[in-house]
Amino acid sequence: MSRTTTPAHRPDALAGGPSGIVVRGVHRRFGDFVALEDVDLEVRPGGLTALLGPSGGGKSTLLRIIAGLDHPDSGSVEIGGRDATFLPPQRRSVGFVFQHYAAFTHLTTARNVAFGLEIRKRPKAEVRDRVAELLELVHLEHLADRLPSQLSGGQRQRMALARALAVQPEVLLLDEPFGALDAQVRKELRDWLRRLHDEVHVTTLFVTHDQEEALEVADEIVVINDGRIEQVGTPGELYDHPANPFVMSFLGPVTRLGGALVRPHDIEVLTDDRAGAVRVEVTRLLRVGYEVRAETRADDGSTPWVQLTRAQVTELGLVEGRTVWLRPLVDTPFPAAGLPADASGPVAGPAAGCPDRVPA
Ligand SMILES: Nc1ncnc2c1ncn2[C@@H]1O[C@H](COP(=O)(O)OP(=O)(O)OP(=O)(O)O)[C@@H](O)[C@H]1O
């Protein structure tokens, strides 16, 4: 997917320029529990930003505070350059969509989309034109007269997006908008969201716990864990230059090699001993689609695994039981000891279920 035309590079894409979000020093406690601790965040105007982190990390709390559905104990929220900290949700110019969208069940798709405009008493012709435009945008024009119960889950979420966009919010906040849908539909909708965003350029912040979703869709990813922001960057920056072991292990597969954390595709397999290489025995070759995962055991009892292509396996003559040597192909910034106990592998995405996570 091309990112060359991302709205972040086209700040003039909205009339008056899109608005960013600035969060400063936000704290939020629930009793003794600290849900957000001194959170500072700038969401780029016109960008598609993912708020990514494990369950309970504080994603929804932060989104709700930006939306005005919850309030910080201290700190501030600015939307489009205006202090919104004490504004009610309806005065923040935000549109939101949640995982389980509560549509008006007795209203058609078109009337659901029109709702926000109608309560704002917009002229009938304007409402009609805007609804037609939005339904076309979300590819639901042919289902305008259906009731929500006659739509699929994916169609309902698209209707929710259209409804949120109807009142032309400055920012769009999406909390796991596709979370309740099955994997295939999720995948289609995330491609669709990317394309939709390329058309409308509204500053969008979406919550996800799925690293693959964030890597595929977002211009920028904010990784949040335990109420703190771990790192902010483009998908490439986070994947290639993680700030700490948590980000490294959350954003892709990791394995331990010679006391360091390494990506399993950044390991060279050698058929003889060389400087810096670790001797291992191949314990299992697992074919997973187009890749082969070679599980190994080193003399110190550690069990690094390597991601290879079938051609590499053939070329190396790898078979179970063979001794080979492994060497990291890139510098390994983190010792394996720095890996949090609960982050021994990716939590979701293509690498989920990697051998590191398969119970012995
Ligand atoms: N109203 C509340 N009262 C008490 N604790 C709360 C409340 N809302 C959230 N929390 C706690 O704050 C923490 C952060 O919750 P939050 O919903 O923001 O996490 P999350 O990252 O969105 O997680 P998930 O992906 O599971 O939705 C959790 O431990 C949660 O139990």
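How close do the axes of helix α2 and helix α4 come, and at what angle do they cross?

## Two helices side by side

The axes of α2 (residues 109-119) and α4 (residues 153-166) come within 7 Å and cross at roughly 25°. Axes here are lines fitted to C-alpha atoms, for helices over the stretch in contact, with angles running from 0 to 180 degrees between N-to-C directions. α2 and α4 are therefore roughly parallel to each other, a label for angles under 35 degrees.

On the α2 side, the contact is made by T109, N112, V113, F115, G116 and L117, and on the α4 side by M159, A162, R163 and A166. Contact means C-beta atoms, placed from the backbone, within 7 Å. Sorted by class, that's six nonpolar, three polar and one charged residues, with Gly counted as polar.

## About the model

This is a predicted model, where local features need pLDDT of at least 70, side-chain atom pairs count only at pLDDT 80 or more, and totals for chains, interfaces and linings use all residues. Residues are numbered from 1 along each chain as its sequence is written.

## Around the ligand

The ligand's shell is made of F30, F33, A35, G53, S55, G56, G57, G58, K59, S60, T61 and H209, near meaning a C-beta atom, placed from the backbone, within 6 Å. The shell splits into three nonpolar, eight polar and one charged.

Technical notes:
Helices (H or I, at least four residues) and strands (E, at least two) are DSSP runs, numbered from the N terminus. Angles under 35 degrees count as roughly parallel, over 145 as roughly antiparallel, 65 to 115 as roughly perpendicular and the rest as oblique. Two residues are in contact if their C-beta atoms, placed from the backbone, lie within 7 Å.
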